[in-house]
Amino acid sequence: MATHPGKLPDTLKQRLRILHPDYRGLMLALLIIGAAIAGLAYTSLQLLQAIVQSFTSSGGQTGLPRDEEPHFVLQWIADNGLLEPGAKVVFAVLMAYALVQLVNVVLSFITIKVEARLEIRSRNDIETSILANLLRKDDKFFLTHSAAEIANRLNVDSRDIIERRKTVISLVTTAMNAAAILYFFASNNWIYAVVALGISAIGVVVMHFMLGEMEHLRREHFESDDSIKATFEDYLGAAPEIQVGNLYDKVERRVVSVQDRRQNAFMRTTILNGRLMSIYATNQLIAFLAILGAIGYALFTGGGAGTSGLVAAVLYAVPQLYGNISDLAKLVMELRLAKVSERRLEEYESDEPQAAQLAIAPPRDQAAGISLDKVKYAYSPGDQLRGGPDGISLSIEPNSLNVIVGPAGSGKSTLAQLIMGRMKPASGRISLGDLELTGLGPSERSGIFSYMPQSLIVIDGTLEENIRFGIPSNDPRAGGALDENAMGWINKTSVSVLARERALEMAPVDQDLGPYNQDIAGLRAGLRERIEMETGIPVMPMDPGSVMPRLTVLENLTSSAADMELLFRSMRSREHAQSMSRLVSMPESAPVIDFARNVFAQTSQMLQRCPAYEAYSGLAPFPISPMVWDYRSNLMRMGPLDSPDPRVRQELLFAGLTASPPEADGTAVEMLMQFLNKAGGGAFSKAVSEQFGMALTPLSEDALNANLQWRDNLLFGVARITNAKAAAEVNRVILTEIEGKPVDAPILRSGLRYHVGRQGKRLSGGQRQLVCLCRTFLQGNPVIIVDEPTAALDPKNRAAINSLLREASRDHTIIAITHDVDLAKMADKVIMMKDGRLWASDRFDALVVSTLEFRKMINMREEAGL
Amino acid sequence: MTLDDRIRTLHACDFFSVVPEADLAVLAETMHEEQFGDGETVFEYGDPADRVYVIVSGELLIEVPGTTGATRHIGPGDLVGEYGMFDGTARSATVTSLSQTTLLALDYTRFRAFLVTFPEATLSILDRTVKRLLVLERKSR
């Protein structure tokens, strides 16, 4: 969205206006082209008339018609001496007609381009504006507007609105076109024009009366469509419960009932549309007959000047004219109907003005206490005032650890929202030292508070992107290498442990490994020995050329345990499609393809009937990665795999290359193993290495390899890992061994690039919590508010995070909403909320003595083991 | 052994015969073949129990050590090792192959995974088991 310094960004309503200044240029361009096309329409009619007259009157010969008034085009050509003696008039006019049509084509092409630009710009701007507005909406808004509804409106309604800009231009240009044609009629005989216009008006008037109902139906249709999308969202979220409870029928019934509502609106709209269309059609027919009647009359009565040319031009122009006029009516209707969408999107307008990113924030090291003075609040305007008869009065010391406790619905989160200013108090004052917080805008608040909500937000990106998410883009810490402070928090929150573990499965791509090659051979030998000693798991040193059962066919062929994910992506890329077709044409690919068929024959039922990767991997005799599973499941849907179709063979070759020999039993494996062992220097093996050379580099015992995952890289061998427990054991030994060694740095860097997946799906609940905590600490504002910071953590991590909060409170004011008794015991102040008011606040020990309700609550928790 | 052969074997096995056709095909794929020669021990009393076997061909002898005469011969379609499936950590008998034998093996972990993924199959096995228990109960009265 175009924002100018010192100028407030447009509101959503302004942005949705058809004639928004940002698009006027493009719209004007469309208008000019449209006018030119209308002019061409008029010109081509005149030329057509001249051609016909020239043919019928003079047989296309030189000269002007003898028995009627010459068409002005013919006259003009003759007057200007443009004709060589003996040349045909009709040829010159025909050329002019062709030229006009050519220009028309060029202009239409330009129109398409300009329209596309207008459309995509409008779409981009609406999306940005809606997001900016929605992000400023309060929690209440999202209780009634689901994410699915928003996505639906963003799709359906914004499309209608974007179309409007083109529609307005089309409206004007179609009107110009129609006017040009009418003018042509009028210039011949004004009665034609009057008849044409009069009759076409009937359809427009009828349509006008139908519009009210159309609008109503459109709204109903869209709203029921929103509900269907929201139902999807709800039920997909509840999928585990639905599966366990076998509630599919129930879900289906609910969806069908919403669909019925939409169907009803849709069918009624369709019938209405049909009625409209039949009115237009009848209208056109009447108009056409009227015109023909008029022409017939003209011919019958001996006609006037130029009648012969007019007949031909009329036959060409009448369909055009009625096309235009019914288009006009439809365009007006579309504009009116888009009003529905406009009103739906305007619901997303935020009341809060979008101020530009403000640079002013209070100094970060400012230590100030927070005080609340007689604060009362209400959940919505006019609602009952809460906070007790005297309101909430509370003081929070600077740089202290405070916890808010209380039963569910007691107002714990509300208190935090009030302090942060996400909720405005109905009366009373909240201040940070001398600074009144109540009136502060969002930008000023952003320099004071760091907040970790209870529902953790993990973005679809790397670990590093996630922990830096809290830092605004204009902050120098947002980019570049992570500084010492950041690394400190990554270590303290144990995100580093998680990163290192993940790194073992990742390859050190895009890193300069040179500096870490020193004594790598020694480290590798030591590690292999230690693993065997501590875990009893044998580690076979890598030996290029040998066939290792754990590896895939491809890895065997290339004697490299390359990063499978990287390889997979590279093999599926467009640039390697040709490589695959080359490989498939080599006779040596046949055993690999046969092998793949055998793998499918052994697992096809599982692939077809297991709904998810987890289910498949629980049953399959040999593990495969989710990527390979996904690929195979899709391939199963492709059709019969025994087809000789080269495309199927190519896919099978790929499946064979990404499969491991032990996956299928029987003779196929034996054959394949023989082939692989033999193929060490064979043509096929060489071709594979060449085609996928980017991912395959020779292995060396004295250097790290960018394509080997860290675990294999550090061991320079393959551990016989048979289950997850064994893998964890091996990882533990490796990570203990490399602790404090220089090679730890690139490992951690790799791990921080671990992609956490959408909504952090590739992390556990506890890991997500650690990442979010790290993000909050890294943001490092004077006041840190965390909602249930340890809810998802195991006891060990919980204790660690509690001590971390205690430690951080030396230079931050920490407020934690918690159910954790241990954290409450460590706090400087426990704030107990009950029934929406401040019940008591003191140190834990003092509260236990002074407050019966607190004692009861604690006893209940301890009994429940919380 | 083709998939059809395996399905046929499972059909012939009383325990698995109740599993719906489509699920049986999946089950057949999760199993793997094991071969034993004449006189070879399949497992011994006290061994850790980790898989169930369906006999495809050949003959097996079941003996419970310490008891006399408590032996039983089993053949194609019979199931062995199913007791450890839900409870049990060690084999309760010794099983020896009396001929060239082909078995289909299914480890307990996969069998459990199968039961969790295919509830229809689980219900039919449960149904069959409960009916048997009722018969036994009636007999014992």
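I begin with a hairpin: strands S11(A) and S12(A) form it with two residues between them, and A:Asp835 in the turn has a positive phi of about 50°. Strands here are DSSP runs of E of at least two residues, helices are runs of H or I of at least four residues, and both are numbered from the N terminus.

This is a predicted model, in which local features need pLDDT of at least 70 and side-chain atom pairs count only at pLDDT 80 or more, while totals for chains, interfaces and linings use all residues. Residues are numbered from 1 along each chain as its sequence is written, and chains are lettered from A and ligands numbered from 1 in the order in which they are written.

A:Glu788 lies in the loop between strand S9 (783-787) and helix H30 (795-808) of chain A, and is partly exposed, with 19 other C-beta atoms within 10 Å.

I turn now to chain A as a whole. Chain A has 33 helices and 12 strands, and buried residues make up 35% of its 866 residues. Of its contacts with a separation of 6 or more, 78% join residues 24 or more positions apart; a contact means that the C-beta atoms of two residues, placed from the backbone, lie within 7 Å.

What does the largest nonpolar core contain? It has 87 residues, and A:Val403, A:Ile404 and A:Val830 are among those with the most contacts inside it. Helix H29 (residues 765-779) of chain A contributes the largest share, seven residues. Such a core is a set of buried Ala, Val, Leu, Ile, Met, Phe, Trp, Tyr and Cys residues joined through C-beta atoms within 7 Å. Leaving aside neighbours within four places in sequence, A:Val403 is in contact with residues including A:Val830 and A:Ile831. A second, separate core of 36 residues includes A:Leu607, A:Tyr616, B:Val56 and B:Leu103.

That brings me to chain B. The contact takes 12 residues from chain A and 12 residues from chain B. On the chain A side, H20 gives the most, with six residues. The residues of that side divide into six nonpolar, four polar and two charged. Here Ala, Val, Leu, Ile, Met, Phe, Trp, Tyr, Cys and Pro count as nonpolar, Asp, Glu, Lys and Arg as charged, and the others, Gly among them, as polar.

Finally, A:Ser496 in helix H15 (residues 495-503) of chain A is buried, with 21 other C-beta atoms within 10 Å. The C-alpha atoms of A:Ser496 and A:Leu752 are separated by 7.9 Å, although the two are 256 residues apart along the chain.

Technical notes:
A residue is buried if 20 or more other C-beta atoms lie within 10 Å of its own, exposed if 12 or fewer, and partly exposed in between; C-beta atoms are placed from the backbone. Two strands pair if DSSP finds at least two bridges between them.
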